[in-house]
Amino acid sequence: MNSLLQLERVNKSFRGLGAVAEVSFEIEAGGIVALIGPNGAGKTTLFNMIAGALAPDSGAIWFDGVRIDGLRPDQICARGIGRTFQVVKPFAGLSVLDNVVVGALQRARSVNDARRSAAEILDKVGLGAKRELAATALTLQDRKLLEIARALATRPRLLLLDEALAGLRPAEYDRLIVLFYELQRSDGITILLVEHVMRAVMALAQEIIVLHHGDILARGAPDQVVKEPAVLECYLGEDFES
Amino acid sequence: MNRRTSLWLGGLGTLLVLLPAFADNYLLSVATLFLYFAFAGQAWNIMMGFAGQLSLGHALYLGAGAYAAAGLYFHFGIGPWAGLWLAAALCAALGAALGALAFRYGVAGVYFTLLTIACAEFARIGLDHFTWLGGSGGLFLKIVERGDIDLANLRGPPEMFYYVILLLAAAAMALSAYLLRSRAGYYWQAIREDEDAAQALGIHTFRWKMFATSLSAAMTGLAGVFSAFYYGNLFPEQIFGIHRSVEIILGPIIGGIGTIFGPILGAALLTALAEGASEIVAALGWEVPGVKQMIYGVVLLIVIVFLPQGIWPALARKLRVKK
């Protein structure tokens, strides 16, 4: 078992309504994998189960050979999975730097160590000049960057990005696409992203998993997946051109 | 801490230490009351201001601490210096029990606040019928001749009580400042701002909320011990009443929740205004019962409308000192 993340027949339903049904897949270390599909397909539910915010009804989730389903989010974070939220959740009363310090404390021995590594991460994502600002003073794009910086500060091996580009203008996409690419290439972080912006998915992902009605509809290399009739029909639309 | 902050703090500290030298008994009692509210307010502020858990039942810890220490002294002659440890431990345990109940079973927000009120009321009614500690008739500690200082049993003149509460308030301030800059402070504030995000960043939120709740409860218990020995009498109606819980939290709300200096400033302002107004009303020969509560209400309204963050953050900017 070489895969970094493995899901085995994972099920979740809410009051009888099936959200994720018998989903199994695995992700190799080092890649960027995109999870796409129409609204209500179960993408965020799947994310929440991997990150520990929800426990699966049945099935198993393995991370690096260790079973993690049913663990608390903080335990999963400690094992090396970082996540961002679809709706950004900055710590409003804290400065940009202090937001990231909270994440960095997960690995740092002291507050001073955490401040140093938080400052480095802010420089990396391009928020270095804004570190003393209140988190609430940031634009949406910067808040998304802050969300990512905070997750990175916990030094994850797997980063779960839940619609990191949603709500941004197309002109703002590229900066984040370049950042994700760098994280994978230079820092060796495996990335699993849920994304509706197909331009970003096509540019980044080495593999796409298409979810529909809580089930895997297709999976494979991007240029092949987007040609599959079933995917075009239920999600991308028949006139989609990659 | 920058230089201006140290300067202000040093000046204020010196003034407070020297106060008994030139203050009469009345002024000293007002200053003692101010420091008592400053201390209890800081204790509450750790739980609400830092960790974001709203308790409206801190009278529970006030009363539990007071009755524990007073009971030991009354029945067994064990002085408060020994009793305060038991009082603090008891209150920490009470806080932990309440916290465990609430945080384990997802009692959050308004429901958590209601639970804190319910526990305090439960204690009030329970103590009303607990005759070993005086029941509703009250528990009275023996008084000593004016001028005698029995430091071991915390029986003595107002100056002694003043210095005890000054020490407690100063220690609470140092502890708050230290904690806010430590790992605990970062974790608490993260939990206060967004618990889901905090947990996703690796924070064991249950454990840190329990820490805040127990510490806040233990410190409030000490305020209760002080209150019991300062006033020398205890009534369940008085010490466990919801008005006591509210009284404690007005200082931090008016001064600035979550700040180091806010609870102290708020306590000073409220005590000065309430006592001042009572004096003026008495001097005019008017009969206005509840003038203090009216002042509290008016000040609270003004602050909520014009300075919802409290007075201290705005004042700190004016004085150019650190918040």
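Tutor: A residue is called buried if 20 or more other C-beta atoms lie within 10 Å of its own. Please bear in mind that this is a predicted model.

Student: Which residues are buried in H5(B)?

Tutor: Phe112(B), Thr116(B), Cys119(B), Ala120(B), Ala123(B), Arg124(B) and Leu127(B) are buried in that helix.

Student: Where do they sit, seen down the axis of H5(B)?

Tutor: They fall within an arc of 135 degrees, so the buried residues line one face of H5(B). On the other side of the helix, Val110(B) and Tyr111(B) are exposed.

Student: And what do the buried residues of H5(B) pack against?

Tutor: Their partners in chain B are helix H3 (59–76), helix H4 (80–104), helix H10 (236–239) and helix H11 (242–255).

Student: How far apart are the end C-alpha atoms of H5(B)?

Tutor: They are 27 Å apart.

Student: Turning to the contact, how many residues come from chain A and from chain B?

Tutor: Chain A contributes 23 residues and chain B contributes 16 residues. On the side of chain B that touches chain A, H7(B) gives the most, with five residues. By class, that side has six nonpolar, five polar and five charged residues.

Student: Now chain A: in what order do the strands of the open sheet run?

Tutor: The four strands follow the order E2-E1-E4-E5, with antiparallel pairing. Strand E2 (17–27) and strand E5 (66–67) of chain A are the edge strands, each pairing on one side only.

Student: How many bridges join E1 to E2(A)?

Tutor: Seven bridges join strand E1 (residues 5–14) of chain A to E2(A). Leu7(A), for instance, has Phe25(A) in E2(A) as its bridge partner.

Conventions:
Residues are numbered from 1 along each chain as its sequence is written. Chains are lettered from A and ligands numbered from 1 in the order in which they are written. This is a predicted model: local features need pLDDT of at least 70, side-chain atom pairs count only at pLDDT 80 or more; totals for chains, interfaces and linings use all residues. Two strands pair if DSSP finds at least two bridges between them. Helices (H or I, at least four residues) and strands (E, at least two) are DSSP runs, numbered from the N terminus. Two residues are in contact if their C-beta atoms, placed from the backbone, lie within 7 Å. Ala, Val, Leu, Ile, Met, Phe, Trp, Tyr, Cys and Pro count as nonpolar, Asp, Glu, Lys and Arg as charged, and the others, Gly among them, as polar. The expected span of a helix is 1.5 Å times one less than its number of residues. A residue is buried if 20 or more other C-beta atoms lie within 10 Å of its own, exposed if 12 or fewer, and partly exposed in between; C-beta atoms are placed from the backbone. The arc is that of the directions from the helix axis to the C-beta atoms.
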